[in-house]
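This report covers one protein chain. It moves from the surface to the core and then to the aromatic rings.

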Amino acid sequence: MKDPDHLIKVEKAIQEKYGEEAIRNPKANWDQEKEKKYLEQIQIITRNQKPREKIEVEGVLLPKKLFTKESKRTCPVCEVYSFIMRDDLYMAKFMCCYQCYVQHVEGREEKWLNQKSSQKKN
Ligand SMILES: [Zn+2]
């Protein structure tokens with residue numbers, strides 16, 4: 001690990017952002033458990049890559065890999081273009097934005113992912 005403080009900074013920024021959005025948008029159904037899950041996700045992503053290039057998001061440097069073509073900015077489900085970091089996370093994990101996650105994926109994550117990976121093979 002190059003910079004142990006880096007993860008803390010990333011976490012803090014995300015926590016702040018999620019907290020803010022939960023207050024602004026109570027319908028978002030965000031809870032501590034999910035937040036924890038996704039923070040862990042980010043840690044894994046961050047840990048497993050060699051950060052070469054970084055992009056600044058809200059004052060925090062994040063590995064560029066999180067923002068490459070693999071993380072699409074347009075949700076393939078609802079076709080909404082988003083620059084919200086949270087959508088980016090859901091996009092990377094579930095191939096849809098957060099709103100679509102809540103609508104279509106929540107509670108059936110495994111089924112969704114299986115469906116998505118079989119679509120990729122075709
Ligand atoms: Zn969507």
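## Surface and model basis

The accessible surface of the protein chain is about 8,300 Å². Carbon and sulfur atoms account for 51% of that surface. Areas come from the Shrake-Rupley method with a 1.4 Å probe, and for residues only the protein chains shown count as cover.

This is a predicted model: local features need pLDDT of at least 70, side-chain atom pairs count only at pLDDT 80 or more, and totals for chains, interfaces and linings use all residues. Residues are numbered from 1 along each chain as its sequence is written, and side-chain values use heavy atoms, with hydrogens and water left out.

## Fold

The protein chain has five helices and two strands. From the N terminus, the order is α-α-β-β-α-α-α. Helices (H or I, at least four residues) and strands (E, at least two) are DSSP runs, numbered from the N terminus.

Of the 122 residues, 35% count as buried. Buried means under 20% relative accessible area, exposed over 50%, and partly exposed in between (1.4 Å probe, protein chains only). Contact means heavy atoms within 4.5 Å. Among contacts between residues at least 6 apart in sequence, 38% join residues at least 24 apart.

## Nonpolar core

In soluble globular proteins, nonpolar side chains tend to be buried together. A nonpolar core is a set of buried Ala, Val, Leu, Ile, Met, Phe, Trp, Tyr and Cys residues joined through side-chain atoms within 4.5 Å. The largest one here has 12 residues: Y38, C75, Y90, M91, F94, C96, C97, Y98, C100, Y101, V105 and W112. Helix α4 gives the most, with four.

W112 touches V77, F94, C96, H104 and V105, leaving aside neighbours within four places in sequence.

## Aromatic rings

How many aromatic pairs does the whole structure hold? The search finds five. Rings of Phe, Tyr and Trp (its six-membered ring) pair if their centres lie within 6.5 Å; planes under 30 degrees apart count as stacked, over 60 as edge-to-face, and the rest as tilted. Y90 and Y101 are tilted, because their planes meet at 50°, with ring centres 4.7 Å apart. This pair links helix α3 to helix α4, across 11 residues. Y90 is buried at 0% relative accessibility, and Y101 is buried at 1%.

F94 and Y101 are also tilted, at 35° and 4.8 Å between centres. F94 is buried at 2%. Y90, F94, Y98 and Y101 form one aromatic cluster.
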